[in-house]
Amino acid sequence: MVETQVTKLLGIKYPILQGGMAWIANHSLASAVSNAGGLGIVAAGGHETKVVREEIRKTKELTDKPFGVNIMLLSPYAEEIAHMVAEEKVAVVTTGAGNPGKYIPMWKENNIKVIPVVPSSALAVRMERAGADAVICEGCEAGGHIGELTTMALVPQVVDAVKIPVIAAGGIADARGILAAFVLGASGVQMGTRFLVAEECTVHENYKDLIISAKDTDTVVTGRSTGHPVRVIRNKLTRKVLELEKERGKEEEIERLCTGSLKNAAILGDVEFGSVMAGQIAGLVNRRQSAKEILDELVSDFIKLRNSLGGSL
Ligand code: TUI
């Protein structure tokens, strides 16, 4: 397809990373994406360290290609997992929902490529100074925990602020999005929502059905009032939470409703009262495919689109 700074940095065929979706991205999805030429990522999410270690070992059995581990820094196990990934010598660590600065020297000593998600150019610059190899700029079109800026605004500003490679995420699910990200200066992309419906993704079928039937306007952001904004598909839970967010002093009730709600949707298939995290691009994702079919289609469409635009851009 295209050799970019990201394919060279990570030793992968295509500059496409699979999002580290908590409670969803396990050995099955990560190994399939890595085997198909992208970078598969195992999500630590809120799992205990031993569960994540098991997932890493299963992934190693299923692929000899590089793969990553995403550490969700709000997890009570984040610190322990940060040390465990160094022991396991994983190829790549991505982080979300916080500043991983204090772990970067240890990861670099263990030859791990470090790629934090950053919601601003200020944090991107700090991460570059701390030794990060690249950054993921995730706009608020993304599913799950989000920052303020859109991908369109965040990516070019970070590209101008740092020298390390920039990977764009949020609102990208097809070749048009990839090419647009490259035009903004990114040298790779990360996609979550598109890989949710991959055949190798073991998320509950009810969750996949909701993604496939979603329209462009079907996601909402809850948790702005509690300081943890999360993009999810609109359902009975979000109606209740958004109602409570209009009132004052309901933080505890909101917290109670949301605790365990992602697991309830992703594992148990409760898509009415669970959190069905997905990006705004869900309306574009309308069929199940294998990870290899997804990557092959993205790459062939990308090449066609780039050639057809030729010098006209
Ligand atoms: O982390 C994500 N997306 C996620 S994590 C997740 S699990 C969860 N469940 C319930 C509540 C909260 C989380 C579901 N989706 N994306 C990466 C991301 N990182 N988005 C935004 C950020 C971020 C925000 C602030 C990264 C760094 C940051 O730094 C603040 C600081 O400390 O400077």
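Because the model is predicted, local features need pLDDT of at least 70 and side-chain atom pairs count only at pLDDT 80 or more, while totals for chains, interfaces and linings use all residues.

**Polar contacts.** For these I took pairs of N or O atoms within 3.5 Å. A ligand nitrogen lies 2.9 Å from a backbone N or O atom of A97, and a ligand nitrogen is 3.1 Å from a side-chain N or O atom of E138. I also found a polar backbone atom of H145 at 2.9 Å from a nitrogen atom of the ligand. Of the 720 Å² of accessible area that the ligand has on its own, the protein covers 73% (Shrake-Rupley method, 1.4 Å probe).

**Strand β11.** I then followed G144 to strand β11 (a DSSP E run of at least two residues), where G144 stands opposite R231. Strand β7, residues 144-145, pairs with β11 in the antiparallel sense over two bridges, pairing requiring at least two DSSP bridges. Strand β10, residues 219-222, also runs antiparallel to β11 and is joined to it by four bridges, with V221 as a bridge partner of R231.

**Side chains.** In a regular strand the side chains alternate between the two faces of the sheet. In β11, V230 and V232 point one way and R231 and I233 the other, and all are buried (under 20% relative accessible area, 1.4 Å probe, protein chains only).

Key
Residues numbered from 1 in each chain as written. Heavy atoms only, no water. Polar contact = N/O pair within 3.5 Å; in protein donor to acceptor, adjacent residues only side chain to side chain. Buried < 20%, exposed > 50% of the residue type's maximum accessible area, 1.4 Å probe, protein only.
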